[in-house]
Amino acid sequence: MKHYPKFYELIQKSDPELYSEITTMYDLVMRPGAIDMKTKLLILLAVDAYAGSSGVKPISEVAKKNGASQEEILESIRIAYSVGANRILHTASSVFADEN
C-alpha cells in the first residue's frame, strides 16, 4: 500500500495531471533500492522535521511499521536539529570571527 502525503489528495482533485507527475516522482524515490525502506523513511522524517513539515508524526508511524524503533526516530530528529543549528551557526559565524 502506498503512503502519499495527505495533501496530495487535494492536488489529485484539483490537478490530476500534476498529481500523476508528483506521485510518479514519489514512487521513484521511495521504491526499493540500495537504501532500505526503514532508512529512507528515517531520512524523510529528518528532512521533514528540518523543513518544519507537519508530516513528521505520520512518517514516524510508517517508519515504525517498517521496523524503526523509537530510538531510531529520536536519533533522526536529533540529526535534523543538528543540521538546523549548524546552519544558524554557519550563517552567524562572521560575528564570532569579529574581535572588535
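These entries go from the whole chain down to one residue.

**Ground rules.** I am working with a predicted model, where local features need pLDDT of at least 70, side-chain atom pairs count only at pLDDT 80 or more, and totals for chains, interfaces and linings use all residues. Residues are numbered from 1 along each chain as its sequence is written, and side-chain values use heavy atoms, with hydrogens and water left out.

**Fold.** I found five helices and zero strands, taking helices as DSSP runs of H or I with at least four residues and strands as E runs of at least two, numbered from the N terminus. The order from the N terminus is α-α-α-α-α. The radius of gyration is 17 Å, well over the 13 Å that the globule rule gives for 100 residues, so the protein is more spread out than a compact globule. I noted that this radius is taken over C-alpha atoms, and the rule is 2.2 Å times the number of residues to the power 0.38. Along the principal axes, the C-alpha atoms fill a box of roughly 60 × 35 × 25 Å.

**Burial.** I looked up the buried share: 21% of the 100 residues, where buried means under 20% relative accessible area (1.4 Å probe, protein chains only).

**Core.** The largest nonpolar core has 12 residues, among them Y8, Y19, L42, A63, A68 and I73. Such a core joins buried Ala, Val, Leu, Ile, Met, Phe, Trp, Tyr and Cys residues through side-chain atoms within 4.5 Å. Helices α2 (16-30), α3 (37-51) and α4 (56-65) each supply at least two residues of this core.

**One residue.** Leaving out residues up to four places away in sequence, I see A68 touching K38, L42, A63 and I73, with contact meaning heavy atoms within 4.5 Å.

Methods: Buried means under 20% relative accessible area, exposed over 50%, partly exposed in between (1.4 Å probe, protein chains only).
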